[in-house]
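Hi everyone, thanks for coming. Let me put the structure up, and then we can walk through its pockets, its sheets and its core.

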Amino acid sequence: MISQEKIKQFKKLINSGEIYDSVDEEFIEYQHSLVQRINELNQTSDNPDGLKKRQQILKEVVGTYGDNLYVIPPIHSNTGLVNVHFGKDVLINFNCNFVDDGAIYFGDNCMVGPNVTFATAIHPVSPKLRESKLQYNKPITIEKNVWIGASATILPGVTVGEGSIIGAGSVVTKDVESNVVVVGNPARKIRSIDENDDKYYDSGKKIPEDIIEKYL
């Protein structure tokens with residue numbers, strides 16, 4: 001069994017940005033134990049007991065647990081979400097993938113659609129080095145109130161600015177500024193989000209006054 005000191009050293013290494021051996025036997029054993037908890041989460045039922053157990057597992061395994069975290073299984077994670085840090089009121093839809101060898105940060109009120117991938121791990125370009133399964137990691141930061149559409153992919157080192165939207169199926173290869181909509185592969189800005197979006201939706205439909213008064 002891997003020692004607590006070795007775990008501390010490894011956590012420091014994988015978040016350092018330095019290249020390392022990703023097939024260390026002790027780490028692989030530790031990694032399997034973390035992933036097993038995610039397998040347990042994925043088997044929980046949508047009844048009161050199952051939902052309670054799901055939240056208990058999340059509180060035990062994630063790097064940071066924000067209030068009202070809601071994760072819809074199944075989900076998949078390289079290191080059992082130990083490197084994932086959630087703010088408050090975050091929603092993760094089903095079948096999302098966390099290549100969380102490096103850190104992933106979510107601000108408050110983020111929504112993530114189905115089948116989204118967050119990938120922090122990078123392997124060397126050199127084929128000779130890749131044969132040895134060397135890798136290094138770059139953190140991902142999703143700031144407050146971001147909506148990520150279904151089947152998007154967020155690549156290593158990316159920061160998505162507060163209030164922005166990532167369109168479904170987009171591949172985000174570089175930082176996204178705050179309050180914009182980006183789509184495509186690679187993802188590009190198609191427009192800004194402004195005060196008109198507080199008044200209109202769905203290409204010009206007026207938002208009812210009672211909704212505006214209640215939520216704005």
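Let's start with the largest pocket: 19 residues line it, and those nearest its centre are Trp147, Gly163, Ile165, Ile193 and Asp197. Two elements each give two or more residues to that lining, strand E19 (188-192) and strand E20 (200-201). Strands are DSSP runs of E with at least two residues, helices are runs of H or I with at least four, and both are numbered from the N terminus.

Before going on, a word on what you are looking at. This is a predicted model, where local features need pLDDT of at least 70 and side-chain atom pairs count only at pLDDT 80 or more, while totals for chains, interfaces and linings use all residues. Residues are numbered from 1 along each chain as its sequence is written, and side-chain values use heavy atoms, with hydrogens and water left out.

Back to the largest pocket, which has a volume of about 470 Å³; volume here is the space filled by probe spheres set on the grid points, joined across faces, edges and corners. Its lining divides into 9 nonpolar, 7 polar and 3 charged residues. In that count Ala, Val, Leu, Ile, Met, Phe, Trp, Tyr, Cys and Pro are nonpolar, Asp, Glu, Lys and Arg are charged, and the others, Gly among them, are polar.

The second largest pocket comes to about 260 Å³. Around it sit Asp197, Asp198, Ile207, Ile211, Ile212, Tyr215 and Leu216, giving 5 nonpolar, no polar and 2 charged residues.

Now the sheets. E3 and E6 are joined by 3 bridges, and Ser77 has Phe98 as its partner in E6. E6 also pairs with E9 over 3 bridges, with Asn97 bridged to Thr117. Further along, E9 and E14 share 2 bridges, and Phe118 stands opposite Ile154.

The other open sheet has 7 strands with mixed pairing, in the order E2-E5-E8-E13-E16-E18-E19. Strand E2 (70-71) and E19 are at the edges with a single partner strand each, so one side of each has no neighbour in the sheet. E18 and E19 run antiparallel, joined by 4 bridges, and Val182 partners Lys189.

What about the cysteines: how many disulfides are there? The count is 0, taking a disulfide as two cysteine sulfur atoms within 2.5 Å. The sulfur of Cys110 is 12 Å from the closest cysteine sulfur, in Cys96, so the two are too far apart for a bond. Cys96 is buried at 0% relative accessible area, and Cys110 is buried at 1%; buried means under 20%, exposed over 50% and partly exposed in between, with a 1.4 Å probe and protein chains only.

Cys96 also belongs to the covered face of E6, along with Phe98, while Asn97 and Val99 form the uncovered one.

Last, the largest nonpolar core: 36 residues, of which Phe106, Phe118, Ile142 and Ile148 touch the most other members. Such a core joins buried Ala, Val, Leu, Ile, Met, Phe, Trp, Tyr and Cys residues through side-chain atoms within 4.5 Å. H3 gives the most to this core, with 3 residues.

Conventions: 1 Å grid on protein atoms, 1.4 Å probe; cavity = no way out; pocket = protein on both sides within 12 Å on 5 of 7 lines; lining within 4 Å. Pairing = 2+ DSSP bridges.
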